[in-house]
Amino acid sequence: QVQLVESGGGLVQAGGSLRLSCAASGLSFSTYVMGWFRQAPGKEREFVARISWSGAVTVYADSVKGRFTVFRDNAKSTVYLQMNTLEPEDTAVYYCAADKFQLLANGDGVNYWGKGTLVTVSS
């Protein structure tokens, strides 16, 4: 069975950093576009970043560009989200996603979702 398991969330002060991990199992990892979404309390789900099969191409939401970096290790079937210069507005549950095709920013057609990891950024 396919599983995406996020880890690395927690409480951090504004300006700090966290690295999220998403360990995948039960799928051919390198054949999936991987990405991250987040959902803040009372807000709609928001696209954060995606990374192509080889890791050569990355796309970021404007709100995180320059602060967050997505990268993947296909040998470990793991995708990461390095979050630097965190802001209170980054507080959200972060979800890992896997898509066989392109991982649309609106989340439509995503094949697999993780259960999420909570990131809380204090002022």
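Reader: Why is the pair Arg-38 and Asp-90 called a salt bridge?

Author: The closest N and O atoms of Arg-38 and Asp-90 are 2.9 Å apart. A salt bridge is defined as a side-chain nitrogen of Lys or Arg within 4 Å of a carboxyl oxygen of Asp or Glu, so the pair qualifies. Arg-38 lies in strand E4 (residues 33-39) and Asp-90 in the loop between strand E8 (78-83) and strand E9 (92-99), so the bridge ties together parts that are 52 residues apart in sequence. Strands (E, at least two residues) and helices (H or I, at least four) are DSSP runs, numbered from the N terminus.

Reader: On what basis are these values given?

Author: The model is predicted: local features need pLDDT of at least 70 and side-chain atom pairs count only at pLDDT 80 or more, whereas totals for chains, interfaces and linings use all residues. Residues are numbered from 1 along each chain as its sequence is written, and side-chain values use heavy atoms, with hydrogens and water left out.

Reader: What makes Asp-90 count as buried?

Author: Its relative accessibility is 1%. Buried means under 20% relative accessible area, exposed over 50%, and partly exposed in between (1.4 Å probe, protein chains only), so Asp-90 is buried. Arg-38 is buried as well.

Reader: Which other salt bridge does Asp-90 form, and what does that pair tie together?

Author: The side chains of Arg-67 and Asp-90 meet in a salt bridge with an N to O distance of 2.7 Å. Arg-67 lies in the loop between E6 and E7 and Asp-90 in the loop between E8 and E9, so this pair ties together parts that are 23 residues apart in sequence.

Reader: How do you know that Arg-67 and Glu-87 form a salt bridge?

Author: Their closest N and O atoms are 3.8 Å apart, a value within the 4 Å limit. The pair links distant parts of the chain: Arg-67 is in the loop between strand E6 (58-60) and strand E7 (68-73), and Glu-87 is in the loop between E8 and E9, 20 residues apart.

Reader: Are Arg-67 and Glu-87 buried or partly exposed?

Author: Arg-67, at 11% relative accessibility, counts as buried. Glu-87 has a relative accessible area of 31% and is therefore partly exposed.

Reader: How many salt bridges does the structure hold, and which residues are linked in a network?

Author: The structure holds four salt bridges. Arg-38, Glu-46, Arg-67, Glu-87 and Asp-90 are linked in a network of such bridges.

Reader: What makes the chain as compact as a globular protein of its length?

Author: The chain has zero helices and 11 strands. Its radius of gyration is 13 Å, close to the 14 Å that the globule rule gives for 123 residues, so the chain is as compact as a globular protein of that length. The radius is taken over C-alpha atoms, and the rule is 2.2 Å times the number of residues to the power 0.38. The C-alpha atoms fill a box of roughly 40 × 25 × 25 Å along the principal axes. Buried residues make up 43% of the 123 residues.

Reader: Why is Cys-22 called buried, and which residues does Cys-22 touch?

Author: Cys-22, in strand E3, has a relative accessible area of 0% and is therefore buried. Contact means heavy atoms within 4.5 Å. Not counting residues up to four places away in sequence, Cys-22 touches Leu-4, Val-5, Glu-6, Met-34, Trp-36, Ser-77, Thr-78, Val-79 and Cys-96. The C-alpha atoms of Cys-22 and Gly-114 are 7.9 Å apart in space, although the two are 92 residues apart in sequence.

Reader: Why do Ser-21 and Leu-18 count as buried?

Author: Ser-21 is placed in strand E3 (residues 18-25), and its relative accessibility of 18% makes it buried. Leaving aside neighbours within four places in sequence, Ser-21 has contacts that include Val-5, Trp-36 and Tyr-80. Leu-18 is also found in strand E3; with a relative accessible area of 16%, Leu-18 is buried. Beyond four places in sequence, the residues touched by Leu-18 include Val-12, Leu-81, Leu-86 and Val-119.
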